[in-house]
Amino acid sequence: MTARAAITGMGILAPNGIGHEAYWRATLAGTGGIGEITRFDATQYPSRLAGVIHDFDPASYLPSRLIVQTDLWSQFALAATAMALDDAGVDLASVPEFEFGVVTASSSGGNEFGQREIQKLWSRGPHFVGAYQSIAWFYAATTGQISIRHGARGACGVMVSEQASGLDALGQARRAIRSEARVVVSGGTEAPLSPYALVCQLASGRLSDSADPEHCYLPFDAAARGHVPGEGGAILIVEDVAAATAREARIYAEIAGYAAGFDPQPGGGHSPSLARTITLALADAGIPPQDVDVVFADAAAVPWLDRSEAAAIETVFGPHAVPVTAPKTMVGRLYAGGAPLDVATALLAIRDGVIPPTAGVGELGDGYQIDLVRGDARTARLRTALVIARGFGGFNAALLVRATD
Amino acid sequence: MRARTAVITGIGVTAPGGVGAKAFWDLLTAGRTATRPISLFDASGFRSRIAAECDFVAEHAGLSATEQGRLDRVSQFAVACTREAMADCALDFGASPPERIGVVIGSAVGCTMRLEEQYVTVSGHGRDWLPDAGMGCPALYEYLVPSSIAAEVARRCGAAGPVSLISTGCTSGLDSIGHGAQLISEGSADVVIAGAADAPISPITSACFDAIKATSPNNDDPQHASRPFDNRRDGFVLAEGAAVLVLEEAESARRRGADIYGEIRGFASRANAFHMTGLRPDGREMAEAIRVAIERARVNADDIGYVNAHGSGTRQNDRHETAAVKRSLGEHAYRVSVSSIKSMVGHSLGAIGAIEIAACALVLRHQVIPPTANLEVPDPECDLDYVPVTARELAVDVVLSVGSGFGGFQSAMILTRPTAPR
């Protein structure tokens with residue numbers, strides 16, 4: 001029989017809260033973490049708002065020798081991993097070394113670290129590039145550092161598909177559980193708020209130029225005008241259900257279904273593959289659409305992307321048939337960290353029977369037939385949640401989490 | 001139900017010393033080296049000023065001027081290889097259901113060349129910490145996210161199934177092909193374009209390997225600078241390139257009468273959880289990856305006729321790997337032919353794992369083993385048969401390819417000659 005994959009631990013670093021309980025309280029209250037970018041002087045740029053984590057001190061999680069050889073993106077992940085392992089309460093010494101793996105999502109790598117070293121190279125010369133550039137900037141740095149810090153010698157991976165990466169990483173973690181692993185550290189983080197990374201994001205044409213922190217990221221809204229970036233993410237502990245049950249672990253939910261797809265003709269105004277991806281994930285989980293209690297939307301806040309996502313949800317579930325929410329409006333798009341944070345949020349929603357709101361969104365655009373949860377959090381009996389994520393360029397993925405009781 | 005397996009039906013290679021799979025194979029079997037002084041940028045201030053560069057002509061790969069302007073060199077390589085592999089496999093992609101086509105591309109450093117070039121432009125040659133947003137090119141975001149490489153490939157082959165980029169440093173290529181085979185075996189796709197690409201011959205990448213003295217400083221004799229398993233080796237030679245394979249589900253490939261290079265039979269990866277760049281000499285985790293790959297392939301270790309080594313030409317790698325092969329293959333380690341094509345085409349980071357699988361597929365096809373060039377004074381600690389200098393004709397049914405990289409990742413893959421129709 002194929003092993004089933006459960007999520008037994010989470011570590012959250014979000015602009016509106018560090019640690020999952022602080023994050024969850026803020027999110028249910030509709031308290032956002034979006035404000036002016038403070039990591040550098042962004043006043044000259046057309047987009048200056050972001051989800052910023054203000055009170056993260058890497059020294060309270062990591063030894064100094066590790067801080068100097070990592071970018072903030074990896075520091076977020078290492079801190080979140082420590083929280084998640086603690087939350088899961090798993091005794092790693094009891095896990096066979098080759099059955100403990102790490103699969104993280106990555107999107108843009110060690111941005112600030114890389115910019116600093118390129119700056120040194122071009123302003124001062126090649127000999128000024130530091131020894132840690134070779135291990136801090138590249139996309140595999142986070143997985144490698146987590147593996148080393150926690151002794152994970154099993155299969156390791158790094159999935160890269162922009163905002164869809166996080167679901168692809170969790171899908172890959174589930175594959176590992178099914179075939180060989182007992183525990184996999186998964187999820188992802190992002191640190192996109194360095195000057196060059198922001199300039200690169202501006203070129204995507206998808207950043208909001210709004211100056212109003214409460215209303216700058218408005219998916220499905222008539223006033224949708226792009227997203228704001230955010231930093232942080234979530235690390236999740238994926239564990240074999242049988243092993244988790246045997247150690248009497250608290251199981252948040254099972255990863256019940258997953259699928260991924262691609263739109264080879266981007267920008268066409270409709271996304272035939274997203275509805276299919278959702279349908280494949282449902283089939284993978286072996287459940288009908290009506291069993292899904294809540295949908296966490298990708299929520300691009302770019303009108304054509306919102307239209308295509310709403311159309312996919314309406315196609316699979318019917319008009320107004322399932323509550324849809326996007327609490328990411330409170331923190332921004334976290335790229336590699338975004339979908340893992342959505343999954344963690346879905347797990348907390350299932351735990352407490354409450355759907356957090358899509359803060360800030362007022363009137364939906366014309367023709368949307370989705371039940372978008374706005375205003376206050378909504379109480380509901382929740383057992384199964386669908387998380388949708390899409391990556392720039394045509395990537396999409398869907399993941400279902402389901403309570404195991 | 002019969003287990004689904006993945007077979008290789010098409011190959012595209014852009015490698016130093018010759019573009020296209022045929023030129024690549026000619027280079028390998030002749031034992032020629034493609035390492036030379038760096039021409040892609042002015043390397044005069046650098047410790048290592050040599051590399052294995054591709055003589056890549058974008059027009060010959062069918063790329064328009066607009067595409068050349070928009071795509072980083074790494075994406076151009078990936079697209080060129082995809083085109084070649086699609087033609088080679090003779091599958092009618094237009095007649096294949098798009099949702100059953102997947103793409104998995106590996107890359108260690110993504111679009112680093114354009115990211116650096118653009119930074120030089122927007123920062124006034126590294127003068128301004130706050131770059132000028134108005135100076136950047138429209139494709140800048142595609143350079144920031146290396147997933148753009150996989151997206152570009154997916155558009156070329158019309159894939160609407162699972163598409164991803166895998167970035168596990170120097171094992172990216174092996175891991176991508178392993179993942180592609182997994183998509184087929186689990187039933188998520190019937191056809192997967194799988195491979196890897198890297199184009200890292202740029203100031204920042206060269207400088208960061210200079211800083212840790214990982215690359216060879218043998219600037220006066222570039223042709224002999226990549227010397228895996230040779231006692232005089234002094235580091236790896238940085239390279240660029242790409243390889244893309246068409247993987248198909250075995251039964252459907254046989255039904256359409258595809259010309260099959262080989263089967264991907266087993267894959268495993270492990271991590272050493274030891275050091276981002278360091279390796280312990282015992283080769284324990286790589287040996288475990290090899291052991292599991294063999295087990296999954298349901299072959300005997302003694303049946304392996306060729307080991308395509310990671311063979312990067314650093315002292316610690318060569319000894320680590322030699323120990324791992326002995327640990328996993330036992331006495332057979334001393335009988336099997338082992339070689340490193342990095343001696344000829346250098347180390348193209350994430351791409352090389354896919355280039356090496358392309359080489360393995362050609363080994364199975366042609367029954368010739370490429371040599372380890374420049375191996376003249378063996379390291380006494382490396383005492384296996386590394387096929388020095390000259391290619392070797394040999395009957396080979398089972399091939400093992402291994403990779404090792406930053407982050408401590410170790411991967412192993414078993415390929416076999418195509419079996420007779422069942």
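This is a predicted model: local features need pLDDT of at least 70, side-chain atom pairs count only at pLDDT 80 or more; totals for chains, interfaces and linings use all residues.
**Which strand of chain B pairs with β6(A), and over how many bridges?** The partner is strand β6 (residues 163-166) of chain B, and the two strands run antiparallel over two bridges. Residues are numbered from 1 along each chain as its sequence is written, while chains are lettered from A and ligands numbered from 1 in the order in which they are written.

View 1. Strands are said to pair if DSSP finds at least two bridges between them. Look for A:Val160, whose bridge partner in β6(B) is B:Leu165. Strands here are DSSP runs of E with at least two residues, helices are runs of H or I with at least four, and both are numbered from the N terminus.

**View 2. The side of chain A that touches chain B.** The contact takes 64 residues from chain A and 69 residues from chain B, where two residues are in contact if their C-beta atoms, placed from the backbone, lie within 7 Å. Elements of chain A that give two or more residues to this side include α4 (111-124), β6 (156-160), α7 (165-179) and α10 (272-285). The largest share, seven residues, comes from α8(A). By residue type, this side of chain A divides into 32 nonpolar, 24 polar and eight charged (nonpolar: Ala, Val, Leu, Ile, Met, Phe, Trp, Tyr, Cys and Pro; charged: Asp, Glu, Lys and Arg; polar: the others, Gly among them).

**View 3. Chain A by itself.** Here you can trace twelve helices and 16 strands. The C-alpha trace of chain A spans about 60 × 55 × 40 Å along its principal axes.

**View 4. Chain B by itself.** Chain B holds 13 helices and 15 strands. Of its 422 residues, 67% count as buried. Among contacts in chain B between residues at least 6 apart in sequence, 81% join residues at least 24 apart.

Terms used
A residue is buried if 20 or more other C-beta atoms lie within 10 Å of its own, exposed if 12 or fewer, and partly exposed in between; C-beta atoms are placed from the backbone.
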